[in-house]
Amino acid sequence: MADQQFETPAFRELRDNPPIKEGVMDHSQPYVAKPEHNEPLGFPGELVENWEEKAVAKLGDLLEKNKALRVYLDSCVKCGACTDKCHYFIGTGDPKNMPVARQDLLRSVYRRHFTTAGKLFPKLVGAKEMNKEMLDDWYKYFHQCSQCRRCAVFCPYGIDTAEISMAARDIMDHIGVGTKYSNEIIAKVHVIGNNLGLPQPALVNTMEGLEEDVEEETGVQVKFPVDQEGADVLLITPSADFFAEPHVDGLIGYGKVFHQAGINWTVSSYASEAANFAMFIGSYEQMHKIANRIRKAALDLGVKRIIFGECGHAWRVAYAFLNTLAGPWDFLDPKYPRPQHILEVTNELIKTGGITLDASANDDKVLTFHDSCNVARATRMGDVEGGQFTIPREVIKASVNKFVDMDPQTICEKTFCCGGGGGLLTDDLIELRVKGALPRMEALKDVVDNHGVTHMAAICAICKSQFSKVMPYYGFDMDMVVSVHQLVSEAIQLGTKE
Amino acid sequence: MSTLSIIYAALFYVAFATMGLGLAVKIKSYAMTPSPLKIPVMPAPLTKTGVVFRMAREVAFFESLFKSNRWIWILAILFHAGLLLALARHLRYFIEPVWGWVVFVQPFGIYGGMAMVAGLLGLWARRFLVERVRYITSPSDHLMLALLVLIGASGLSLRFLVRTDIIQVKAFFLGLLRFDIQALPAEVPLLIHLAAVAILMIVFPFSKLLHVPGVFFSPSRTQVDNAREKRHLAAWAAPMDNEREA
């Protein structure tokens, strides 16, 4: 779909809601996975026979296993509070991108098959059959949800559309309808250990290249170790950090922080991926399998701590799920959070004088910060509520003199998704990605115009890739997006403390 | 004892049993279904006490709805707070002697009834006037509002238009409590009022009214933020730990 034709949405002057335009995103869907993408994950290669019944049966199975699904499908009163909260609705106006309407695609089938009212009076309560038309709608619109949880913040019952769309994707995978993007990547992780399919020699090569670059630039020998047994720290970072811009500048930043703090660290080629794409497809089993590569790597290398690099969904799986999926972590040093975020480490080092930053190194920049959706609404950093908002800002402010926050309605718990999260960061969905970025781009435009902001820092590999790609559509330079540790990297004083 | 009394007595026994059993089954399924993962919407409280406060704010003040949409919030508070006052006023039909605070609340119950109907009409108007809300509205959403407005309006009409023998109404309900069916007055607004309440009770466990128990079981709100400190494991997922290599 490289020839997709669409218009970048215009900035809304008053931030008013778009008028409803039915079916306007009806053509948007990711490439369907082929048998070679599905089968390595144990899913049927293609649409199975009797898929209607099998889909309903899988829904029944999930209802037994997941309280959230059961409660959320029953509790919605259609109050409308969520209807204007989704960035994809704001950017497209397609009514099926209103969170409640998206949920209703699954809820209508639930009602038909699992509730008395839906069995007796389907028309009255909006209960519908699982048929081809419904499956098509599921495939299209459950892949227009980035699982960012913004709707859940505003729902009076905390109904989280992410849970619903994960369930729907899990059901679709079980009848042989998955996305190429996610399933191909997950299969790669099972075999090679990262989303990019970067094998051990390539990883070593990349990291050596970084050592040379840093030494050339700073004159300091900063190590970027791979598979080093007996290291204290295992760094788990999104594989995009190994090569993509601006991600890699963040990785250089982590290396400098570890170097300056005297922390003995390594990455693992076996578990060389922080992002656990199985979350996107709602598969507990796949998520468990990927997460346990980290456990094995930690045991094999004999590390005492696990630290995660900048990545939003990865930090959700790490912070909120890793103890469940791959714990208990009783073999790690209990003095440190298990696992820990690189920003927690850096912030602590700044506070205790373990590293010294010279913020004037970034005086050519005026920064703002994009709270990544999954960090903001699904995780925490530090030991107080809301640390996921304060810690990144503290680190940025220690690295940069000029910092401005965007509109309070678009940051912290109310932050907007970048538009590319939840397994949608694929070129076949570029129209959706551009349109979904609208609310964030509007908030950025405000601070650029009114406060002279030159750069937007992010702490998620997906946000960084997505913004680099879509910002030019809105007239911004793609280099405006930076890693937080890129700022740290510029400001850190190497070798001044002995 | 008239046929009418018997029909209404039977109706209320059926309504009470349906609502009680239906809710018990639903609440049991909510309580027993495991949560495989920790999914509180952050920032979330770090302690159970914190969660109790979060839920109290949510249930008493509709905190999230307040953040979300001021119009829905005002109308929802009008309706729910009004309903609460009206229900408190109605307690006098089920207790003898009537408790002091129930006596005190009597006049406020009337204002509650008015607020309730006003809130409902506002919420109903949104279903026609706001394009987005119109799109997500099913016939059952209109019927539910119609039923609630009917209950409120018929109740208010018993206060302001057609008075009934409330001493006898009370005798009827006290009688139901001890399985002794008493005569029920036959004013039409009363019969409409009571029939509508019984229907509401019957549909309660099969409808979106399940948001009442549901809100207390919503993992995104009820979970404590302690995933790193405490391992959370669902029974169905636990055996998977044996399959891992390390």
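**Entry 1: terms and source.** I count two residues as in contact if their C-beta atoms, placed from the backbone, lie within 7 Å. I note that this is a predicted model, in which local features need pLDDT of at least 70, side-chain atom pairs count only at pLDDT 80 or more, and totals for chains, interfaces and linings use all residues. Residues are numbered from 1 along each chain as its sequence is written, while chains are lettered from A and ligands numbered from 1 in the order in which they are written.

**Entry 2: chain A as a whole.** I looked up the secondary structure and found 22 helices and 7 strands in chain A. Helices (H or I, at least four residues) and strands (E, at least two) are DSSP runs, numbered from the N terminus. The C-alpha trace spans about 75 × 50 × 45 Å along the principal axes of chain A. I then checked the radius of gyration, taken over C-alpha atoms, against the globule rule of 2.2 Å times the number of residues to the power 0.38. For 498 residues a compact globule would have a value near 23 Å, and chain A agrees because its own value is 23 Å. Of the 498 residues in chain A, 62% are buried. A residue is buried if 20 or more other C-beta atoms lie within 10 Å of its own, exposed if 12 or fewer, and partly exposed in between; these C-beta atoms are placed from the backbone. Among contacts in chain A between residues at least 6 apart in sequence, 80% join residues at least 24 apart.

**Entry 3: helix α2 of chain A.** Buried residues in α2(A) include A:Trp51, A:Ala55, A:Leu59 and A:Leu62. They lie on the same side of α2(A), because they cover an arc of only 85° around the axis. The arc is that of the directions from the helix axis to the C-beta atoms. An α-helix has 3.6 residues a turn, so residues three or four places apart point the same way. The buried residues of α2(A) pack against α3 (67–75), α5 (99–114) and α10 (161–174) of chain A.

**Entry 4: the two domains of chain A.** I read the bounds from an automatic or database domain assignment, which gives domain 1 (35–178) and domain 2 (187–491) of chain A. Their centres, taken over C-alpha atoms, are separated by 30 Å. In domain 1 of chain A, 23 residues are in contact with 23 residues of domain 2. On the side of domain 1 that touches domain 2, α4 (87–92), α9 (150–154) and α10 of chain A each supply at least two residues.

**Entry 5: chain B against chain A.** I found 57 residues of chain B in contact with 64 residues of chain A. On the side of chain B that touches chain A, the largest share, 5 residues, comes from α6(B).

**Entry 6: two single residues.** I located A:Tyr336 in the loop between α15 (312–326) and β4 (340–341) of chain A. A:Tyr336 is partly exposed, because 17 other C-beta atoms lie within 10 Å. I located A:Arg12 in the segment before α1 (35–38) of chain A. A:Arg12 also counts as partly exposed, with 13 C-beta neighbours inside 10 Å.
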